[in-house]
Amino acid sequence: MKVAHSPLHARHDGGKELHRGELVPCFEMPVRADYILTAVRRAGFEVLEPRAFPLESLLRVHDAGFIEFLRTAHAEWRAVGKEGFMLPSGFPARALRRDHIPSGINGKMGYYAFDASTPIVEGTWDAALAAAHCALTAAAWVVEGEKSAYALCRPPGHHAARSVYGGYCFLNNAALAAQHLRDQGFERVAVLDVDYHHGNGTQDIFWERSDVLFVSIHATPETEYPYFLGYADEWGEGAGEGYTRNFPLPRGTTWKEYDIALGAALDVVGGFAPDALVVSLGVDTYGGDPISAFKLATEHFPLMGRHLAELKVPTVFVQEGGYAVEEIGTNVAGVLEGFLGG
């Protein structure tokens, strides 16, 4: 399996996040990708730098104004005399206007962000763009005949919506991969999100579409981030009604319960009969993850990979979460090796 990875991911570093009421160093850190890179190389996978894609590729799933904000945000921050990392201090919540984008950087940041856990630093755009190129490259390999490919993306992407960033995510790498597959002739594409947290951004992007199925297995938003999306009654709208399916699970879920939900999710994907599959691969379902509360063990990730292989469709894996850094490489490689052996 080919692996797309860029060393530019390391440029997104040095910020802090607001985590459950405390300002702390980011759990989403460069060493995550380093551990994964070591593990996939040890497993014998071929690691390649991504191809470059035109900016128009991003506009297939993201709003142009949003892209321009991300591209220029830190320069605007410096232009008003600020240094270091950026976090928003206000949001257009209920009872506030949402139809006007402020011209000042602080208001603009709050308009485009949905949390204060996703700092922007000087190198964030370079890293996010490189991650997007990794996802697009992996999708291109599948278009060109590879049966599977893995995009080692950092920062992750599944919380980024059409014009909103948050949850450590800026550009939606999985959505970009799915859209590229569609644009290159795959008529029906499924996105299966197995991250601990709901892929609210991917759901938003494909909410009204029937050509891309979105299925997510995740921790219940009753108690877990992102809190306000990911309930089982969210099915899509318009042409997309019935093409979004959510499987929320409680804190403390073990492999036994997770395996049942995974089987149900795979039944939904199989019923859609996709021409290709994109897997938002978060391994923060691991029992030792510092910001998650499922109880999967390392031996369960190869089993997950084998189940995914049962669909027998071309598959693009896109890296999402996983914050137990010393185990993340082993767990990711376990899914990929299980898939290839399935």
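**Helix packing, sheet and buried residues**

Modeller: In this predicted model, helices α1 and α9 pack with their axes 8 Å apart and at an angle of about 45°.

Biologist: What makes α4 roughly parallel to α5?

Modeller: The axes of α4 (residues 124-143) and α5 (residues 173-183) come within 8 Å and cross at roughly 30°; angles under 35 degrees count as roughly parallel, so α4 is described as roughly parallel to α5. On the α4 side the contact includes Ala131, Ala135 and Leu136, and on the α5 side it includes Leu176, His180 and Leu181. This contact of α4 with α5 has 11 nonpolar, two polar and no charged residues.

Biologist: What is the strand order of the open sheet, and why are β4 and β8 called its edge strands?

Modeller: The open sheet has eight strands in the order β4-β1-β5-β10-β9-β6-β7-β8, with parallel pairing. Two strands count as paired if at least two bridges are found between them, and β4 (46-48) and β8 (244-249) are the edge strands, each pairing on one side only. On average, neighbouring strands of this sheet are turned by 15° against each other, direction ignored.

Biologist: How do you know that β9 and β10 are paired?

Modeller: The requirement is at least two bridges, and five bridges join β9 to β10, which run parallel; therefore the two strands count as a pair. In β10, Phe317 is the bridge partner of Val279. Helix α9 packs on the sheet, where α9 touches β5, β9 and β10, and the direction of α9 makes about 175° with that of β10.

Biologist: Why is Trp255 called buried?

Modeller: Buried means under 20% relative accessible area, and Trp255 has a value of 12%, so Trp255 is classed as buried. Trp255 is found in helix α7, and, leaving aside its neighbours within four places in sequence, Trp255 is in contact with Leu262, Leu296, His300, Leu303, Met304 and His307.

Biologist: What makes Thr285 buried, and where is Thr285 found?

Modeller: Thr285 is found in the loop between β9 and α8. Its relative accessible area is 0%, which is set against a cut-off of under 20%, and therefore Thr285 counts as buried. Apart from neighbours within four places in sequence, the contacts of Thr285 include Val194, Asp195, Tyr258, Leu296 and Phe301.

Biologist: Which residues of α8 are buried, and what covers them?

Modeller: In α8 (residues 300-309), the buried residues are His300, Phe301, Met304, Gly305, Leu308 and Ala309. What covers the buried residues of α8 includes β6 (189-193), α7 (255-272), β9 (276-281), β10 (315-319) and α9 (325-341).

Conventions:
Residues numbered from 1 in each chain as written. Predicted model: local features only at pLDDT ≥ 70, side-chain atom pairs only at ≥ 80, totals over all residues. Heavy atoms only, no water. Axes fitted to C-alpha atoms, helices over the stretch in contact; angles between N-to-C directions. Helix = DSSP H or I, 4+ residues; strand = E, 2+ residues; numbered from the N terminus. Parallel < 35°, antiparallel > 145°, perpendicular 65-115°, else oblique. Contact = heavy atoms within 4.5 Å. Nonpolar A, V, L, I, M, F, W, Y, C, P; charged D, E, K, R; others polar. Buried < 20%, exposed > 50% of the residue type's maximum accessible area, 1.4 Å probe, protein only.
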